[in-house]
Amino acid sequence: MRPVEYAGSNAYSPYRAKRPRRSVRTEPGSSFVKRIFDIVVASAALLFFAPLLIAIAVGIKLTSRGPVLFHQYRYGYRNRRFKIYKFRTMRIDACDVRGVKQTVQGDPRVTSIGKILRKTSLDEIPQLINVIKGDMSLVGPRPHVPGMLAADLPYEDLVPYYFQRHSARPGITGLAQVSGCRGSTVEAGRAISRIDYDLDYIERWSLRMDILIIVRTVRREFLSGSGF
């Protein structure tokens with residue numbers, strides 16, 4: 001288990017060099033208010049989406065062979081690994097359990113119904129279970145698979161302060177995603193920007209900020225359909 005490099009460490013960080021550290025009243029990972037908000041909203045959302053979840057599950061079973069849910073181990077709070085849940089969107093014989101090979105536009109591994117689920121981000125809904133369990137938050141840095149590559153390098157080699165992002169619970173959505181940093185990490189600049197957005201969120205976190213990010217996510221992902 002790698003130690004979390006906290007934002008206050010003396011280690012070299014380009015992010016810290018270009019942005020002054022702001023005092024954090026309460027870290028998102030230790031906020032009782034944020035945790036209660038997550039449980040209430042995630043539970044309500046699961047009840048609201050229950051008919052849709054059943055319809056999606058039936059659609060997956062009728063259109064491809066294999067389980068309805070796909071699970072994978074990701075980095076969580078303080079680098080602890082947890083099992084994340086998603087609706088399966090790929091053929092069972094082509095699923096990348098490790099998650100190192102990223103999905104690209106027009107990926108042949110994606111099923112017909114999987115294309116719709118990924119475009120509308122409906123494949124992420126089962127992560128509400130992770131939120132209720134305490135593995136995740138509604139809003140936070142997106143959870144990465146261990147060994148994830150960015151610009152053909154392990155992410156932590158490209159970004160020396162990478163593990164600072166794990167001082168908060170990972171989120172279903174986050175500041176980086178609603179700011180346009182979603183998709184491929186082939187370009188080094190975009191990959192680094194993601195981490196900078198994650199750390200910016202951790203430093204400026206507030207419940208109001210979470211609500212605004214959730215609203216922007218609904219508009220950008222569910223209504224506009226920007227996923228692939």
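Reply: Let's begin with confidence, since this is a predicted model. Among the elements of the chain, strand E3 (residues 137-139) has the highest mean pLDDT, 98, while helix H1 (residues 14-18) has the lowest, 46. Over residues 5-18 the pLDDT is below 50, although this stretch has 26 contacts in the model beyond near neighbours in sequence. Where pLDDT is low, the predicted coordinates should not be read in detail. For the chain, the average pLDDT is 85, and 80% of the residues score at least 70.

Now to your helix, H2, which covers residues 32-63. Its N-terminal end is capped by Ser31: a side-chain oxygen of Ser31 lies 3.5 Å from the backbone nitrogen of Val33. Follow the helix along and you come to a kink of about 60° at Ala50, shortly before the proline Pro51. The buried residues of H2 include Lys34, Arg35 and Asp38, together with Phe37, Ala42 and Ala45. Leu53, Ile56, Gly59 and Ile60 are also on the list of buried H2 residues.

What does H2 pack against? One partner is H3: the axes of the two helices are 9 Å apart, at an angle of about 150°. From H2, the residues that meet H3 are Ile56, Gly59, Ile60 and Thr63. Ser112, Ile113 and Leu117 are their counterparts in H3. By class, this contact has four nonpolar residues, three polar ones and no charged ones. Several of these residues are buried too: Ile56, Gly59 and Ile60 in H2, and Ile113 and Leu117 in H3. Gly114, Arg118 and Thr120 are also buried in H3.

Is Ser121 buried or exposed? Its relative accessibility is 6%, so it counts as buried, the cut-off being under 20%. The side chain of Ser121 also makes a polar contact of 3.3 Å with the side chain of Arg182.

To recap your helix: H2 is capped by Ser31, kinked at Ala50, and packed with H3 at about 150°.

Definitions and conventions. Residues numbered from 1 in each chain as written. Heavy atoms only, no water. Buried < 20%, exposed > 50% of the residue type's maximum accessible area, 1.4 Å probe, protein only. Polar contact = N/O pair within 3.5 Å; in protein donor to acceptor, adjacent residues only side chain to side chain. Bend = angle between axes of the 7 residues up to and from the residue. Helix = DSSP H or I, 4+ residues; strand = E, 2+ residues; numbered from the N terminus. pLDDT = per-residue confidence, 0-100. Contact = heavy atoms within 4.5 Å. Axes fitted to C-alpha atoms, helices over the stretch in contact; angles between N-to-C directions. Nonpolar A, V, L, I, M, F, W, Y, C, P; charged D, E, K, R; others polar.
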